[in-house]
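Here is a short briefing to read alongside the model. Please keep the sequence and the 3D view open as you go.

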Amino acid sequence: MYKVDIFSNTPIYRQLVDQTRDMIVHGLLRDGDRIPSIRELAQTLGVNASTVAKAYAEMERSGMILTARGRGTFIQVTDTARQDAEAALAHAIDELVRQALFYGLTAEELIALVRRQYEEVAGHAIERE
């Protein structure tokens, strides 16, 4: 389910957060799904439990997961998480629009390009299900 790259410049805790977000986006993890405990995931990946705990703490703060004592840790897609995602996407879109303007693309051309990419990525997500 999770893979870490010890040679990556991206810290392991950040890799775990990013992978969880990607699995949610691609429908591999859904609201209410249980994910491994900190100890379980640390043992499986061969990493320090405090690294996994740091990732889980960040995901909990952002509203991606919820830990229920004695029951486990679960995916939780909240309105706050959605708002955070929309803010991050707005920032990324700003940069995309600047690039499009630099290269002389019209709004229609940019929208068509985004639509093609969205359909390609969404199509791959559907294929995985």
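Thr67 sits in strand β2 (residues 65-68); helices (H or I, at least four residues) and strands (E, at least two) are DSSP runs, numbered from the N terminus. This is a predicted model, in which local features need pLDDT of at least 70 and side-chain atom pairs count only at pLDDT 80 or more, while totals for chains, interfaces and linings use all residues. Residues are numbered from 1 along each chain as its sequence is written, and side-chain values use heavy atoms, with hydrogens and water left out.

- Thr67 is partly exposed, with a relative accessible area of 38% (buried means under 20% relative accessible area, exposed over 50%, partly exposed in between, with a 1.4 Å probe and protein chains only).
- Leaving aside residues up to four places away in sequence, Thr67 touches Glu60, Gly72 and Thr73 (contact means heavy atoms within 4.5 Å).
- Thr67 and Ala107 are 40 residues apart along the chain, and 43 Å separates their C-alpha atoms.

**Overall layout**

- The protein has five helices and three strands, and along the sequence they follow the pattern α-β-α-α-β-β-α-α.
- The C-alpha trace spans about 55 × 30 × 30 Å along its principal axes.
- Of the 129 residues in the protein, 28% are buried.
- Taking contacts between residues at least 6 apart in sequence, 49% join residues at least 24 apart.

**Helix α2 against helix α3**

- The axes of helix α2 (residues 38-45) and helix α3 (residues 49-61) come within 8 Å and cross at roughly 125 degrees. Axes here are lines fitted to C-alpha atoms, for helices over the stretch in contact, and angles run from 0 to 180 degrees between N-to-C directions.
- That angle makes α2 oblique to α3 (under 35 degrees counts as roughly parallel, over 145 as roughly antiparallel, 65 to 115 as roughly perpendicular and the rest as oblique).
- On the α2 side the contact is made by Ile38, Leu41 and Ala42, and on the α3 side by Ala49, Val52, Ala53 and Tyr56.
- These contact residues divide into seven nonpolar, no polar and no charged (Ala, Val, Leu, Ile, Met, Phe, Trp, Tyr, Cys and Pro count as nonpolar, Asp, Glu, Lys and Arg as charged, and the others, Gly among them, as polar).

**Helix α1 against helix α3**

- Helix α1 (residues 12-25) and α3 have axes that come within 8 Å and cross at roughly 45 degrees.
- α1 and α3 are therefore oblique to each other, and α1 passes α3 in a right-handed crossing.
- Ile12, Tyr13, Arg14, Leu16, Val17 and Thr20 of α1 meet Thr51, Val52, Lys54, Ala55, Glu58 and Met59 of α3.
- The residues of this contact divide into seven nonpolar, two polar and three charged.

**Aromatic rings**

- How many aromatic pairs does a search of the whole structure find? It finds one (rings of Phe, Tyr and Trp, the last by its six-membered ring, pair if their centres lie within 6.5 Å; planes under 30 degrees apart count as stacked, over 60 as edge-to-face and the rest as tilted).
- The ring centres of Phe102 and Tyr103 are 4.9 Å apart and their planes lie at 85 degrees, so the pair is edge-to-face.
- Both Phe102 and Tyr103 are exposed.

Notes
Left-handed = near helix turned anticlockwise from the far one by under 90°.
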